[in-house]
Amino acid sequence: ITFAAAAELEQASAGQPSDSRKLVWDLAVEKGLVSAEEARRILARPESGAGASSSQALAEKGSGRRLGNYELISKLGQGGMGAVYKARQESMDRLVAVKVLPRNLAKNEEFITRFLREARAAGRLSHPNIVAGIDAGFADGYYYFAMEYVEGTNLGERLQAQGSVPEAEAAEYCRQVALALAHAHDAGIVHRDVKPENILVTSAGQAKLCDLGLARSSGEDMRVTQAGMAVGTPYYISPEQAMGHEPDARSDVYSLGCTLYHLVAGRPVYDGPNPLSIMQKHLNETPERLGEACPGASSALEAVVGRMIARAPEDRYPTAGEVAAELRKVVGGGIPAALGASIAERR
């Protein structure tokens, strides 16, 4: 049956560009019509027009297209902690995303610890707005972390493609992320790297927070996370984290506020020629009001974002749950408490 389906797909994709042909075969593997090995052999034939480059794109690892219980289908992306692949978990016959730690990083205990810490943090959390952790381990010479596969794009890609996101949409995504952060904080986990690239959005408009690589549980050995203290993204890092102080829930609130500002305004709160200069601005400068950066922004959202990105932690919302409640009012056309307080001050 699989080879009959393969022949049909081969005929349907004849004459198509190599990238399109590869997508057809990725879909075939995803649907279980053919195996990844069968697709690789067909794509490698001279008449397929794809050749060795496609097989290299499917898996850039020495062990091939399998990793333990997982059949790797295609590469989804590359980050500082390794590549992420779309894969099929054979034991459960379902699609997952598998992050693989490169062997050169696996020689460093600190990277291994950070990698496995992300897996443990994700495994402890169960929330509709958090990418779920499934499995982690060591197979075929590689450390791996399997997680829920999310069909969609991240908000960093959305910014690159469109420049900004409509206010109501951006506020709703960040409301959902605030709920995710509230759940994580209740479990004693601070994310420490909230940014557009770490927010995935499905076609149904559901936001999912991912990449807990810098997350840390309260009480965790500081020697494990010391290197991560300066790894947060400069555009969204909180002042206290930039100074090397211990971040808490309010630090995530700040980063989410910077993210929301960037989504709506189309530019970050602070910019500069290098990371150090940007972090210095987080520490010393007063941000331009959202309404000035984006004249179309509502006064309600401006008030909420202004409180989220207050320099002093005590001036921010104390919990992500309160942020979610405020953003619900913004999305629904209500008056958030931050706007009411702002109006009262002006009087």
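**Helix packing around H14**

H13 and H14 run roughly antiparallel to each other, because their axes cross at roughly 165 degrees, and an angle over 145 degrees counts as roughly antiparallel. The model is predicted. Helix H14 covers residues 320-332, and H14 also packs against helix H7, residues 167-186.

**H13 with H14**
- Helix H13 spans residues 299-308, and its axis comes within 9 Å of the axis of H14.
- The crossing of these two helices, H13 and H14, is left-handed.
- On the H13 side the contact residues are Ala300, Leu301, Val304 and Met308, and on the H14 side they are Val323, Glu326, Leu327 and Val330.
- Sorted by class, the H13 contact with H14 holds 7 nonpolar residues, 1 charged residue and no polar ones.

**H7 with H14**
- The axes of H7 and H14 come within 8 Å and cross at roughly 160 degrees.
- H7 and H14 are therefore roughly antiparallel to each other.
- The crossing of H7 with H14 is left-handed.
- H7 contributes Glu167, Ala168, Ala171, Glu172, Cys174, Arg175, Ala178, Leu179, Leu181, Ala182 and His185 to the contact.
- H14 meets them with Ala320, Gly321, Val323, Ala324, Leu327, Arg328, Val330 and Val331.
- By class, the contact of H7 with H14 comprises 13 nonpolar, 2 polar and 4 charged residues.

**H14 residues in both contacts**
- Val323, Leu327 and Val330 of H14 meet H13, and Val323, Leu327 and Val330 also meet H7.
- Glu326 is listed in the contact with H13, while Arg328 is listed in the contact with H7.

Technical notes. Residues are numbered from 1 along each chain as its sequence is written. This is a predicted model: local features need pLDDT of at least 70, side-chain atom pairs count only at pLDDT 80 or more; totals for chains, interfaces and linings use all residues. Side-chain values use heavy atoms; hydrogens and water are left out. Axes are lines fitted to C-alpha atoms, for helices over the stretch in contact, and angles run from 0 to 180 degrees between N-to-C directions. Helices (H or I, at least four residues) and strands (E, at least two) are DSSP runs, numbered from the N terminus. Angles under 35 degrees count as roughly parallel, over 145 as roughly antiparallel, 65 to 115 as roughly perpendicular and the rest as oblique. A crossing is left-handed if the near helix is turned anticlockwise from the far one by less than a right angle, and right-handed if clockwise. Contact means heavy atoms within 4.5 Å. Ala, Val, Leu, Ile, Met, Phe, Trp, Tyr, Cys and Pro count as nonpolar, Asp, Glu, Lys and Arg as charged, and the others, Gly among them, as polar.
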